[in-house]
Amino acid sequence: MFLQARIAVFGGVFCFIVIVALYNHFEGKISELDEARQKLANVVSEIELKHSPFSQAKTLQLLTKDEVGLDMANSYEDSVIIYNRVPKTGSTSFMGIAYDLCSRNGFNVLHINTTKNSHVLSLSDQVRFVQNVSYWGAKKPALYHGHIAFLDFSRFSVPKKPIFINIIRKPLDRLVSYYYFLRYGDDFRPYVVRRRQGNKMTFDGCVAKREKDCDPVNMWLQVPFFCGHHAECWVPGSEWALGQAKRNLAEHYLLVGVTEELQDFIALLEAALPQYFRSATNMFIEGKKSHLRKTFNKTYPSPDTVAKIQASHIWQMENEFYEFVLQQFHFIRKKTLTVKDGMVTDKGQQFMYEKIRPS
């Protein structure tokens, strides 16, 4: 009885050893086959590279697509655009496009509504806003928009700065539009009672009587919007503010367009940020978003009134900033867009990689 038990135990151990040995043997064979398959795949890839009908540059572009694809996707998912929109520059028309695209293209749109329409945030609100934008992952990717001055995120030690965009308008046109808007409103919300409703004085009459609503000082808005939250930014006619506005535009803004060429602004955004603005240009052209908001009873001023406004130091500084923006906008447009089949479109990639070592 005892002998039979020992034989049974010995037989079980022997079977176990045999099974382990067979498993190790086949595992090694499988590993060898995997290595051989990988070597074969590498050889096939090399042959395809040598005989590809594409140019070397195009082949490299295809090879690097998978390598950077995940990083690009993660970058988009963590991206934020801030559009600190200047009043009466066509911003409602532009945001109509963004709201129509957000579900289709997979991003969030958030309106920044400030107390009493203040364009400057308190210091504590600056910190709160920067933290919200930087760490509110549930609402990324995101496009924030609101009538607030530029805020330099690099001052707050956050890991990633947002992308800034904006639109500006000829300073006198913007002032005249705002003047009549306060009196008559617009077709976007026609039933809202405006602050100057009932006051039927024309802009020409206002300038002739030197009233406050048409004072050139009221044009001092686009410069401070780009200058930012420094007190000097909001001092009408400040040379420092004008210089700072130009520096901020050059260093922090991806793109600043002009109201008069809004379609090209949208086309440039679609070319540069297709994840957000894919189909935006067609939507603008074919839809009803090209002029979503139109001020009632707006009358352009007489040549005499225009001459008086343009003689002011404030207009000259605001116009200098406008021309600065326009020059940069046209420069970017020339480098980026082309006309194909009657449509304005991206020129496509204009660079390549070569002489890569080690190969």
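The legends below accompany several close-up views of one predicted model.

In this predicted model, local features need pLDDT of at least 70 and side-chain atom pairs count only at pLDDT 80 or more, while totals for chains, interfaces and linings use all residues. Residues are numbered from 1 along each chain as its sequence is written, and side-chain values use heavy atoms, with hydrogens and water left out.

**View 1. The largest nonpolar core holds 81 residues.** Such a core is a set of buried Ala, Val, Leu, Ile, Met, Phe, Trp, Tyr and Cys residues joined through side-chain atoms within 4.5 Å; buried means under 20% relative accessible area, exposed over 50% and partly exposed in between, using a 1.4 Å probe and protein chains only. Phe-94, Phe-129, Tyr-144, Phe-203, Phe-226, Phe-265 and Phe-321 touch the most other members. Helix α13 (residues 313–336) gives the most to this core, with eight residues. Helices (H or I, at least four residues) and strands (E, at least two) are DSSP runs, numbered from the N terminus.

**View 2. Here is Phe-226 with the residues it touches.** Contact means heavy atoms within 4.5 Å. Leaving aside residues up to four places away in sequence, Phe-226 touches Val-86, Phe-150, Asn-166, Ile-168, Ala-245, Asn-248, Leu-249, Tyr-253, Val-256 and Phe-321.

**View 3. Helix α9 (residues 262–272) packs with α13.** The angle is about 55 degrees and the axes are 11 Å apart; the axes are lines fitted to C-alpha atoms over the stretch in contact, with angles from 0 to 180 degrees between N-to-C directions. That makes α9 oblique to α13, since angles under 35 degrees count as roughly parallel, over 145 as roughly antiparallel, 65 to 115 as roughly perpendicular and the rest as oblique. Asp-264, Phe-265, Leu-268 and Ala-271 in α9 meet Phe-329, Ile-332, Arg-333 and Thr-336 in α13.

**View 4. Lys-116 and Ser-279 have positive phi without being glycine.** Phi of Lys-116 is about 55 degrees. Lys-116 lies in the loop between β2 (108–111) and α4 and is exposed, with a relative accessible area of 82%. For Ser-279, phi is near 80 degrees; this serine lies in the loop between α10 (274–277) and α11 (280–286) and is partly exposed at 26% relative accessibility.
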